[in-house]
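Hi there,

Here is the structure I promised to pass on. Please have a look, and then read my notes below.

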Amino acid sequence: MVAPIIEPPALYRQAADHHHSFQNTDMQKAYHDFKDRYSAFFTTSEIDALRAKEYKRLDEQNQVYLDYTGSSLYSDSQIHKHMTLLLHAIYGNPHSDNPTSSITSHQVAQARNAVLDYFKASTDEYTVIFTHNATGALKLLGESYPFTSDSKFLLFVDNHNSVNGIREFARSKGAHIQYIPVKKSNLRLDPSMLDEYLNNARTGIANLFAYPAQSNFSGVQHPLEFIARAQEKGWDVLLDAAAFVSTNELDLSQWHPDYVDISFYKIFGYPTGVGCLILKHKAMAKLKRPWFAGGTVEVVSVQGDGYYFHEGYSAYEDGTANFLSLAGVPIGLRHVQMIGVKKIHERVMILTDWLIKQLLALRHTNGTPLIRLYGPSNVRMRGGILTMNFLGPDGLVIDPGIIEHYAAQENISIRTGCFCNPGCIETINDIAKLDVEKLLHCGHPISFEEYVAALPGKTMGAVRVSLGIVSNFADVYQFVQFARSFIDKEIAERLQYCTKQMCNSSC
Ligand SMILES: Cc1ncc(COP(=O)(O)O)c(C=O)c1O
């Protein structure tokens with residue numbers, strides 16, 4: 001249950017009367033100041049025109065969308081183009097030579113080539129395995145990676161649960177699992193520590209090192225230089241690019257991770273239900289699938305109790321691909337190419353810079369800050385994700401659920417919880433192994449409430465704002481106005497944690 005707030009955010013309501021409109025003189029004035037400060041923003045003004053034409057539902061419905069890391073948004077033209085394809089072609093199930101099957105196979109091959117092309121991945125070096133999402137790609141890798149009892153699985157504390165979960169496959173094979181901490185002050189890794197961990201593995205053994213190119217919690221961009229550094233020391237590298245690629249270029253002719261996971265809806269919003277594992281041919285050759293399925297086998301016998309896999313990616317795509325959705329992938333990639341991912345990035349970073357400065361300047365009358373931002377407070381090596389907590393005048397955290405509740409009343413889509421990244425929540429709360437180990441190994445399942453109750457004074461959730469493909473000044477301005485409305489507000493009740501559903505499942 002969301003706790004009541006004593007006074008509604010009245011200041012924001014005044015601004016909201018002029019919702020999303022530059023008729024609002026305060027917003028107009030702020031926009032003028034912004035224009036003076038960030039002249040480069042206007043090299044991205046085609047995106048404003050694109051938003052007005054292709055994403056007009058946002059402004060028609062007065063929606064302030066600030067959850068692009070949850071999901072990006074699709075344009076009208078992507079849908080029209082995809083529907084036109086579906087209405088004109090006849091797509092049969094692939095895996096056959098009949099005419100409608102061949103059309104589908106051709107379409108899937110086109111999607112595979114479009115992905116390699118988009119990421120500048122040479123076909124001599126890389127291939128693509130289609131999955132349902134990034135998580136599907138990570139699970140496929142986890143279950144197939146040849147961990148042994150001599151192997152190491154090394155990963156950052158800052159990882160999404162779909163990467164953390166690979167540790168259970170590693171554990172089942174007896175591999176050693178090790179986490180590298182990030183600093184509480186900025187949620188970055190101390191690069192001087194990395195070699196210590198990387199040196200720590202036996203060569204000639206399957207050792208996997210995993211990290212996110214961009215944290216889905218803090219927006220920190222962990223250096224892509226770590227890829228080669230780990231590979232030189234004999235590690236295979238899994239780069240989780242799910243949160244990075246929506247507003248950043250990933251050039252696989254420059255960077256050469258062994259495995260990369262992606263969900264397409266995080267780049268261009270539609271279709272959902274398709275992702276991929278981009279992997280080196282030689283990294284694929286190392287994998288050992290724990291089972292076979294329809295579509296993956298060259299030969300299989302019931303009587304003979306044996307089977308042989310197909311060569312290449314076919315051995316990893318279980319059953320029937322999501323072939324109708326896959327037809328929408330080249331359309332989405334072309335859409336982003338048409339805008340230019342570098343342009344999206346530049347615009348997002350300008351808006352992020354402005355937003356950071358505005359939020360950190362917000363103070364209660366007694367001088368205490370309203371916002372506690374987690375991660376870097378500048379735009380160096382970070383993306384357009386800001387995770388924060390709102391503080392009362394007494395410095396105590398306001399339950400993120402309350403913030404989301406009031407944001408929802410103003411049509412502002414933000415996300416609260418821990419974003420499937422427990423390592424960052426533990427870091428910002430100084431939660432150590434000793435604090436939680438006993439609890440998690442007490443011999444019976446514990447509820448979320450019991451878990452939180454055992455960690456008094458810890459804030460097991462935060463508020464996340466994330467920018468993306470068509471974010472504009474009005475979006476960030478309105479969030480700042482919304483935040484401002486909490487200045488000097490006494491909150492009647494403070495739950496020190498977010499709701500169960502938010503913490504356990506919010507991505
Ligand atoms: C960094 C990161 N990795 C992996 C995932 C999992 O993506 P999906 O839920 O699309 O499988 C997410 C989702 O938000 C993410 O942000």
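A word on burial before the details: a residue counts as buried if 20 or more other C-beta atoms lie within 10 Å of its own, as exposed if 12 or fewer do, and as partly exposed in between, with C-beta atoms placed from the backbone. By that scale Asp 488 is partly exposed, because 14 other C-beta atoms lie within 10 Å. Its phi is near 65 degrees, a positive value in a residue other than glycine.

This is a predicted model: local features need pLDDT of at least 70, side-chain atom pairs count only at pLDDT 80 or more, and totals for chains, interfaces and linings use all residues. Residues are numbered from 1 along each chain as its sequence is written.

Now the sheet. Four strands form an open sheet in the order β11-β12-β15-β14, with antiparallel pairing (strands are DSSP runs of E, at least two residues, and helices runs of H or I, at least four, numbered from the N terminus; two strands pair if DSSP finds at least two bridges between them). The edge strands, β11 (371–374) and β14 (415–417), each pair on one side only. Strand β14 is joined to β15 (residues 462–466) by three bridges, and Gly 417 has Ala 462 as its bridge partner in β15.

The peptide bond from Tyr 270 to Pro 271 is cis, with omega near 0 degrees; Pro 271 is in the loop between α12 (265–268) and β8 (275–280).

Best wishes
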